[in-house]
Each structure stands twice: as C-alpha cells, then as structure tokens.
Amino acid sequence: MFNMKKEVGFKRQRELFCVWFGIIVALLLLNQCYVSSARWDPSNKSQYITSSPPVRLRILDKHVVMSNGLVSVTLSDPIGMVTEIEYGGINNLLERNKEKNRGYWDVVWSDPNHPRNFLFQFDGTQFRVIVENENHVEVSFSRTWDGGDGFPLNSDKRYVMLRGCPGFYTYNILERPKGWPDVDVIQSRLAFKLQDRLFHYMAISDDRQKIMPSPWDRQMGTPLAYGEAVLLTKSENPSLIGQVDDKYQFSFDNKDNRVHGWISSNPHVGFWVILPSDESRSGGPLKQELSSHTGPTTLATFFSGHYAGPDLNMKLRNGEPFKKAYGPVFVYLNKASQNDDHQKLWTDAKEQLAIETRSWPYDFALSKDHPHPDQRGTVTGRLLVRDRYINHGSMSANSAYVGLAPPGAAGSWQRDTKGYQYWNKTNDGGYFFIRGIRPGTYNLYAWVPGFIGDFRYNVDVTITPGGEIKLDDLVYEPPRNGPTLWEIGIPDRTAAEFYVPDPKHSLRTQLTLRSNNLQKFRQYGLWERYTDKYPNEDLVYDVGRSNYRTDWFFAHVNRKVGNNTYEPTTWRIDFDLENVAPRGTYTFRLALASANQARLQGWVNNQNKRRPDFMLGLTGRDNAIARHGIHGLYWLYSFDIPGYQFQTGRNTIFLRQSIGSNPFSGFMYDYLRLEGPPHLG
C-alpha cells in the first residue's frame with residue numbers, strides 16, 4: 001500500500017514538473033518571439049490568410065481608414081495625408097499637429113524664370129479605391145495640374161495595406177506630359193513626424209543610435225554657424241546639455257540608408273522607414289541624404305541638393321515628358337516587452353529590411369508604373385581592370401560598384417535625377433549580378449575603389465520583360481599616362497583616410513554607442529580646427545616623410561583670422577625627383593571628394609609667377625564641409641606639366657584655394673598623383 005501511494009506521488013510530481021516545465025518553455029519562447037512571432041514576408045502572403053484578421057477599408061466623411069487587426073492607418077480624403085497610425089496600444093504614433101504635417105509626400109520646386117523655392121505637399125483632389133478585398137487594399141489620392149501657378153506635374157499617391165502586415169506601403173508617381181512648362185524640382189521625399197512625448201530614442205545603424213533632444217531642447221539652445229546646428233544648453237535630459245544637434249550629422253550614403261527610425265520606451269514600440277531598393281533614388285550609391293533627426297522626424301529622400309548642390313536639381317525643359325514612380329517605401333512597426341532593450345527592436349527592423357530586399361520588386365503594387373518581378377530583367381557579367389603600370393595583365397575588379405542608369409557620358413549617373421538606377425558590388429572575382437531591372441535602355445557604368453575615374457560600357461543595354469543579359473568580360477582602363485612618381489591618399493571618392501581632427505571639447509557630441517573614429521568626421525565645427533592646427537603657416541606635405549593619415553588635413557579650408565573673417569590658404573607638396581625629362585610631359589591627377597564654392601590655383605616650384613601653372617574655376621556647391629559629409633560629388637582633373645618646369649632634386653607643387661570669404665569654401669581631396677612621362681615607365 002505504501003509503495004502504491006509512493007508511486008502515485010511520484011507520478012503526480014512528474015506531471016507537475018512537466019506542466020511547469022512546459023509553462024516555462026512557453027514563456028521563454030513567447031519572450032523570444034514577442035517581436036518576431038508575426039514575422040512579415042511580402043513574398044509569402046498566403047501564410048497569413050487564415051492566421052490573421054482580414055484587411056478592412058472604411059470610407060468616412062473626410063477620412064479613409066485602412067486596418068488589418070495589427071495596425072490602423074487614417075488618411076485624409078481627398079488630400080491623402082497620413083493623419084493617424086494606431087499600433088501597439090498607441091492611438092496615434094504621429095504628432096498631434098496640423099493634419100497636413102504628420103505623414104506626407106512633398107517636393108521643393110521653382111519656376112526657372114522666377115527662381116523662388118516653393119514647398120508642395122501633393123494635396124490630392126481625387127480619391128479612388130484601386131483594390132479592396134480581405135487580403136489587400138490599395139487606395140489612390142491623385143491630383144492633376146490645373147494649368148495655374150501651382151506645381152506643374154501630376155501626382156498619384158498610393159497606400160497599400162496587406163493582411164498580416166505590421167505596417168503599410170506607400171509610393172508616389174509623378175508625371176509631366178509633353179509640352180508642359182519648364183520647372184526645377186529641387187527635392188522629393190516622404191516624411192513622418194512622430195509624437196515627441198513618446199519617441200526619444202533614434203536608431204539609424206548598429207552604432208549610430210542615441211537618445212535625442214526634444215524640439216524644446218533645440219528651441220532653448222544656442223544657434224551655431226547655420227540654422228540646423230544648435231548647441232544644447234537646456235534639456236530635461238542632463239546628458240544632452242553641451243552637445244550639438246544637427247540633422248546633417250545623421251546623413252547616409254544611399255547604399256547604407258535603408259532602414260532607420262525611432263523607438264518609444266513606453267509602450268515599447270518601433271517606427272521604421274524601410275527602403276528595399278534604391279532604383280528610384282538619384283545620384284547613385286554614394287549620394288548622401290538625410291535619414292531621421294530631431295523632431296522626431298524620419299524621412300525617405302529620393303533626391304535633393306544635399307551634398308550635391310544645384311547639380312542634383314531636376315531640370316525639366318523644352319516640354320520634355322517625364323514620368324517616374326518613387327518607392328514603394330515600407331513603414332514597418334514592431335513592439336517588444338518592457339523588459340527588452342532597444343536593440344531587440346533595432347535588430348528586428350534590420351531583419352525585416354533583409355526580407356523586404358529579397359522580396360523586391362514587390363508583386364502587390366498595382367500601378368502599371370511599378371512592373372512586377374516577371375516584367376523585369378537581369379544583367380550579369382564580369383569587370384576587369386587593366387593598368388599596365390601596376391600589372392601587365394588584367395586584374396579582377398573586386399568590390400567595384402557596377403550599375404545601370406540612363407544613357408550618358410561616363411560618370412553621368414552621379415548627376416542624373418530623371419531615370420532609374422540599379423547598382424550592385426562585384427565579388428572577389430569581379431563578377432556582378434543585377435536583378436529587378438525595369439524594361440528600357442540603359443548604359444552600364446562602374447567605378448573601382450583603388451582606381452581613379454569612371455567606366456562606361458560603350459554598348460547600350462536594353463532590358464526586356466523577363467530578359468536575361470549575360471555580358472562578356474568588360475575591361476576598365478583607368479586614366480593613366482605614365483608611371484606613378486608619388487601619390488597621396490586612396491582613390492575611394494572620400495576624404496576619410498586623411499587626418500580628421502577631434503572636435504573642440506565644448507562642441508563634442510555623442511553620435512555613436514561606442515568610440516568610433518570612422519564617424520569622427522560627423523562632429524560639428526571641424527573646419528575651424530584647421531586654424532587651430534595651422535594658426536600662422538599652412539600645411540606642408542613632404543612626400544616620402546609625411547603620412548597622409550596624420551599630416552594631410554581632411555579639408556582644404558580657409559584660415560580664420562578674426563571675427564567672421566577668413567583668408568585663403570596655400571598648401572605645399574614637397575618631393576624629390578631624379579632624372580627629370582625636360583622635354584617630357586608629366587601629369588598631375590587630382591581627384592576631388594568634395595568642392596564647395598572654391599577655386600584652385602596651382603604652381604610648380606615658383607608661387608610668384610603672375611599666372612598659375614594650372615587652375616580650376618569656381619567649382620562645386622555641395623556644402624559637404626559644413627554638413628559633415630567627408631564627401632560630396634566626385635570630380636577628376638588632369639593637368640599636363642612640361643618637364644622643364646621640374647628640376648632634379650627638390651620640387652614643390654603649391655595648391656591654393658583662393659576664395660576666402662567664408663569658412664565653408666574649400667575642397668576635400670580624394671587622391672593626388674604625379675605621373676612621369678610614358679618613357680619613364
């Protein structure tokens with residue numbers, strides 16, 4: 001009897017143990033999957049048909065509401081602004097300001113005959129339901145130019161909600177029929193302004209994350225050299241006092257500007273803008289754009305003059321027709337338990353970006369201006385580099401950027417704003433694969449880190465629906481006249497390898513989670529540090545003895561000599577030559593990573609000559625020096641120098657930036673090289 005009771009007792013203990021063990025495992029799994037339990041995959045939408053509530057569309061008096069049981073999005077009718085986003089127990093993630101200033105598409109434009117900039121928010125005049133069923137809703141808010149004084153392009157804003165999706169998609173189609181008036185379009189973007197009482201933590205990369213100041217903090221701060229930069233002097237968060245807030249500190253190259261956003265601590269909710277493709281962005285992979293910044297604001301910018309200037313204005317002239325679809329952009333929402341840290345939401349957003357990228361191009365956007373996957377093509381090939389002064393044979397162009405863009409000259413993609421672009425990087429063997437290309441005629445372009453200049457394939461590439469183009473090996477021969485006598489820097493289109501100073505202690509700002517010298521150029525006021533380092537005499541670089549990482553200042557800027565007074569500066573490159581060829585021609589290669597309202601004068605060995613030996617006229621307006629960019633637009637120049645201007649032994653090249661009116665006129669050099677005459681090689 002005793003043994004029987006004992007056996008029953010053990011059995012109950014085992015049952016209780018199993019129950020509790022199961023509960024613990026379930027709780028652990030629940031906690032582990034809280035963010036990603038409903039992992040959204042737009043390429044596998046069928047899995048959500050039975051497991052998720054249906055999509056609903058409600059048409060009210062002045063609003064339209066899309067909802068799917070996870071998120072509810074309210075749009076103004078017929079204007080088409082995003083006025084409310086309900087998610088994660090928050091009635092509205094967006095700021096409670098005017099309805100037009102919460103979530104919107106906008107452009108900055110001007111009439112070239114009357115150059116004054118206007119902001120236009122694409123106020124729709126007609127609402128249409130494109131599709132409405134339990135799995136898929138797409139709505140349109142369109143506007144047709146009435147021939148008046150307003151923005152002379154038609155627009156069609158689209159919003160898409162899918163079953164089981166924790167967010168929504170949006171895209172915008174701009175169209176200009178043939179014969180319409182001339183217009184300059186200066187910027188095109190999508191913007192969201194979130195509740196500042198909820199969203200305080202911003203994340204734009206693994207390392208670039210921080211608690212951000214509030215609009216009140218900025219309002220109470222001290223303005224600095226330009227309106228976007230403010231020194232924080234008062235804040236409810238004492239750790240922010242003494243730091244600088246400037247939206248340009250959070251810019252990104254297009255190739256890296258793919259997911260960013262904000263996190264609310266209570267409730268623990270993330271708001272993310274995801275761009276799975278750069279096809280509708282302008283300027284190529286290195287074009288820099290804003291991401292998220294104090295507001296709290298988050299953006300998807302498709303083109304602007306930031307880090308480029310008027311070269312990136314879209315100029316529509318002489319009645320030329322134009323049509324382009326921007327996006328779709330995915331507004332992704334996620335949530336976690338209060339016990340989780342912010343990294344869980346950020347990691348989840350990155351994982352979602354990877355899924356969206358694999359799913360591109362989307363098959364659910366229903367405008368005919370967004371071709372589906374089977375209506376697009378692919379291009380594969382291999383890129384080689386041939387430089388006989390480095391290697392007698394061809395070398396694999398590893399890590400090269402290869403892209404398709406509208407036909408033009410080599411490097412024209414950098415300033416194109418009207419067409420679509422498709423870029424990818426080569427592998428170690430120089431092979432590339434570019435997919436999801438819209439039908440049309442393109443040129444294939446490339447540039448290779450470690451080599452100057454731009455490659456352009458001299459045959460047009462025509463993409464057809466479903467077409468697969470396999471190119472033969474392509475060979476890039478970078479500019480070269482003779483052997484390298486000396487070089488300064490790395491030809492990678494940035495000035496990041498040069499000496500970047502620490503900011504003044506009073507202006508030091510926490511921009512990263514940990515010490516990161518690779519992002520030091522994002523600090524405010526570094527242009528003033530040139531005067532601190534060279535208060536009386538300018539930079540002198542001694543080839544063979546100096547180190548460009550410590551002895552070549554990252555920006556050739558002016559010296560401050562008084563209160564808001566600046567003077568031009570002249571840099572010297574000293575070097576030795578043996579066996580000078582007086583009848584030969586030497587070549588000085590100058591690659592610029594940035595230029596802003598600057599003029600270059602160059603002399604060989606004698607700066608007192610009446611005329612410079614070589615010069616550049618007024619160049620660039622990218623403003624990358626002020627905006628912490630480390631690069632803007634790329635420029636490449638070659639200057640022929642007669643051999644008789646050199647001498648055996650010691651020589652000097654003088655480089656003078658001759659416009660001294662302000663602190664931001666100057667150059668960032670990418671790479672400098674002196675080549676000897678061909679017979680020296």
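Predicted model: local features only at pLDDT ≥ 70, side-chain atom pairs only at ≥ 80, totals over all residues.
Residues are numbered from 1 along each chain as its sequence is written, and side-chain values use heavy atoms, with hydrogens and water left out.

The structure holds 41 salt bridges, a salt bridge being a side-chain nitrogen of Lys or Arg within 4 Å of a carboxyl oxygen of Asp or Glu. One of them joins the side chains of Asp348 and Arg39, with 2.6 Å from N to O. Asp348 belongs to helix H3 (residues 342–359) and Arg39 to the loop between helix H1 (2–32) and strand E1 (56–59), so this pair ties together parts that are 309 residues apart in sequence. Helices (H or I, at least four residues) and strands (E, at least two) are here DSSP runs, numbered from the N terminus. Asp348 has a relative accessibility of 2% and counts as buried, where buried means under 20% relative accessible area, exposed over 50% and partly exposed in between, with a 1.4 Å probe and protein chains only.

A salt bridge also links the side chains of Arg163 and Glu134, at 3.9 Å from N to O. Arg163 sits in the loop between strand E9 (154–162) and strand E10 (167–176), and Glu134 in the loop between strand E7 (126–132) and strand E8 (136–143), so the contact ties together parts that are 29 residues apart in sequence. Arg163 is buried at 11% relative accessibility, while Glu134, with a relative accessible area of 43%, is partly exposed. In the pair formed by Lys520 and Asp502, the closest N and O atoms are 3.2 Å apart. Both residues lie in the loop between strand E34 (484–489) and helix H4 (529–533), and the pair therefore ties together parts that are 18 residues apart in sequence. Lys520 is buried at 18%, and Asp502 is partly exposed at 39% relative accessibility. Salt bridges that share partners also join Arg128, Glu138, Asp156 and Arg158 into one network.

Strands E7, E8, E9 and E10 return in an open sheet of 9 strands, whose order is E7-E8-E9-E10-E24-E19-E18-E12-E13 with antiparallel pairing; two strands pair if DSSP finds at least two bridges between them. The edge strands, each pairing on one side only, are E7 and strand E13 (209–211). Within the sheet, E10 and strand E24 (residues 322–335) pair in the antiparallel sense over 9 bridges, and Tyr169 stands opposite Phe330 in E24.

Of the 31 residues that line the largest pocket, the closest to its centre are Thr494, Ala496, Leu518, Phe521 and Ile630. A pocket is an open set of points on a 1 Å grid over the protein atoms alone, where a 1.4 Å probe fits, with protein on both sides within 12 Å along at least five of seven lines, and lining residues have an atom within 4 Å of a point; a volume is the space filled by probe spheres set on the points, which are joined across faces, edges and corners.

The second largest pocket has a volume of about 630 Å³. Of the 23 residues that line the second largest pocket, Arg258, Pro276, Asp278, Trp423 and Asn424 are the closest to its centre. Strand E28 (422–425) and strand E29 (431–437) each supply at least two residues of this lining.
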